[in-house]
Amino acid sequence: MKIGVAIDGSQNALRAVEHAVKTAGMFPEAELKMIYVVDFNTANDERMSKEDTKTIRERVTQPAMELAQQAEINVELVVFEGDPAQRILQYADANRLDHLVIGSRGLNVVQEMMLGSVSHKVIKEAQCPVTIIK
């Protein structure tokens, strides 16, 4: 079973990772794919514009990766740049994920108010079951 979980450094994303890790733990052959999409075009956090890509990636992904590794889950981190919803959907389709887990609200509140949330776009267009975590 291939389970994808979208991460962005938010508390909801960490809760999504916890849920995905628990789900993966039920299937011995499970593969957990952590999907992190860097979206520099809509960064609302001044730190993001000052940090280099490697620093951002480590700050955002390290806590999520540690949760999976502590549970001894087979995990792979994939990182993209671009529109988060589009990239998550493209990855899920291309890799035939069996399940996708995503937090209900991420870090970019401004984008959510103006364009609609990433989770809303993903749930509408995903070809696999999606779990939204609050």
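**Strands and salt bridges**

Analyst: Strand 1 and strand 2 (residues 31-38) run parallel and are joined by 6 bridges; strands are DSSP E runs of at least two residues, helices H or I runs of at least four, numbered from the N terminus, and two strands pair if DSSP finds at least two bridges between them. This is a predicted model, where local features need pLDDT of at least 70, side-chain atom pairs count only at pLDDT 80 or more, and totals for chains, interfaces and linings use all residues. Residues are numbered from 1 along each chain as its sequence is written, and side-chain values use heavy atoms, with hydrogens and water left out.

User: Which residue in strand 2 is the bridge partner of Ile7?

Analyst: Tyr36.

User: What joins strand 1 to strand 4?

Analyst: 3 bridges, and the two strands run parallel. Val5 has Val101 as its bridge partner in strand 4.

User: Switching to charges. How many salt bridges?

Analyst: The count is 2, taking a side-chain nitrogen of Lys or Arg within 4 Å of a carboxyl oxygen of Asp or Glu. Glu31 meets Lys33 at 3.2 Å, N to O, and Glu76 meets Lys33 at 2.7 Å between the closest N and O atoms. Glu76 is in strand 3 (residues 75-81) and Lys33 in strand 2, 43 residues apart.

User: Is Lys33 buried or exposed?

Analyst: Buried, because its relative accessible area is 10%; the cut-offs are under 20% for buried, over 50% for exposed and partly exposed in between, with a 1.4 Å probe and protein chains only. Glu76 is partly exposed at 37%.
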